Amino acid sequence: MGTLNMLGLAKRVGARFLLTSTSEVYGDPLEHPQKESYWGHVNPIGVRSCYDEGKRTAETLTMDYHRGAGVEVRIARIFNTYGPRMCLDDGRVVSNFVAQTLRKQPMTVYGDGKQTRSFQYVSDLVDGLITLMESKYIGPFNLGNPGEFTMLELAQVVKETIDPSASVEFKPNTADDPHMRKPDISKAKSLLHWEPKVSLRQGLPRMVSDFQKRILDEK
């Protein structure tokens with residue numbers, strides 16, 4: 001509904017409209033890494049469907065307003081992003097692991113921890129969004145870091161960054177959790193001349209120092 005309202009506003013005032021879509025439009029992918037041409041593998045009635053299908057519908061509305069009403073649009077499919085000033089308890093895996101380790105709690109890993117994600121630092125995403133908005137291309141474009149980590153590998157990087165004695169606690173996996181997630185960014189590279197610059201090992205300490213300050217303030 002928010003997308004529909006904003007598209008109506010963009011149409012009225014003649015604005016260029018940016019849709020920040022998501023890698024979740026690919027669902028639990030059967031193609032790896034995921035290209036923008038892949039239509040996805042989504043459960044329409046699962047526990048994650050409201051988000052997955054909501055974003056897929058938002059992309060549909062955006063393209064309908066572009067084709068039917070001439071609205072100038074841009075679509076970015078954003079993969080996992082992390083950085084300073086995230087909510088401490090937003091439930092995202094990087095903030096979970098960092099906050100838990102700083103609070104001397106075990107990191108919660110769901111399932112066997114072998115599912116993969118790709119993590120991009122926030123400044124890379126911002127650069128990508130600005131570049132997309134200033135370009136002539138509609139998209140969709142994958143904006144993400146192709147560096148791929150299992151959850152256990154991510155936990156290891158967090159341990160090395162914060163506390164080598166940190167531990168991991170396994171819990172049953174959540175329903176419809178994608179097994180693999182990795183962007184193919186060749187389209188963004190060739191058309192937008194964009195690619196991420198900050199690796200996980202470079203970006204994580206910047207996030208940790210911000211979280212550290214705020215967790216100390218809690219005490």
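Me: Why is Y82 called buried?
Reply: Happy to explain, with the reminder that this is a predicted model. Y82 has a relative accessible area of 1%, and buried means under 20%, so Y82 qualifies.

Me: And what makes Y121 buried?
Reply: The relative accessible area of Y121 is 6%. That is also under 20%, so Y121 counts as buried.

Me: Which aromatic pairs does the structure hold, and how many?
Reply: A search of the whole structure finds five aromatic pairs. One of them joins Y26 and F79, with 6.3 Å centre to centre and 40 degrees between the planes.

Me: Why is the pair of Y26 and F79 called tilted?
Reply: Planes under 30 degrees apart count as stacked and those over 60 as edge-to-face. The angle here is 40 degrees, so the rest category, tilted, applies. Y26 sits in the loop between β1 and α2, and F79 in the loop between β2 and β3, 53 residues apart. Both residues are buried.

Me: What makes the pair of Y82 and Y121 edge-to-face?
Reply: Their ring centres are 5.5 Å apart, within the 6.5 Å cut-off. Their planes meet at 65 degrees, which is over 60, so the pair is edge-to-face. Y82 lies in strand β3 and Y121 in strand β6, so the pair ties together parts that are 39 residues apart in sequence.

Me: How do you know that the charged end of R206 sits over the ring of Y121?
Reply: The charged end of R206 is 5.0 Å from the ring centre, and the distance cut-off is within 6 Å.

Conventions:
Residues numbered from 1 in each chain as written. Predicted model: local features only at pLDDT ≥ 70, side-chain atom pairs only at ≥ 80, totals over all residues. Heavy atoms only, no water. Phe/Tyr/Trp six-rings, centres within 6.5 Å; stacked < 30°, edge-to-face > 60°. Helix = DSSP H or I, 4+ residues; strand = E, 2+ residues; numbered from the N terminus. Buried < 20%, exposed > 50% of the residue type's maximum accessible area, 1.4 Å probe, protein only. Lys NZ or Arg CZ within 6 Å of the ring centre and 35° of its normal.
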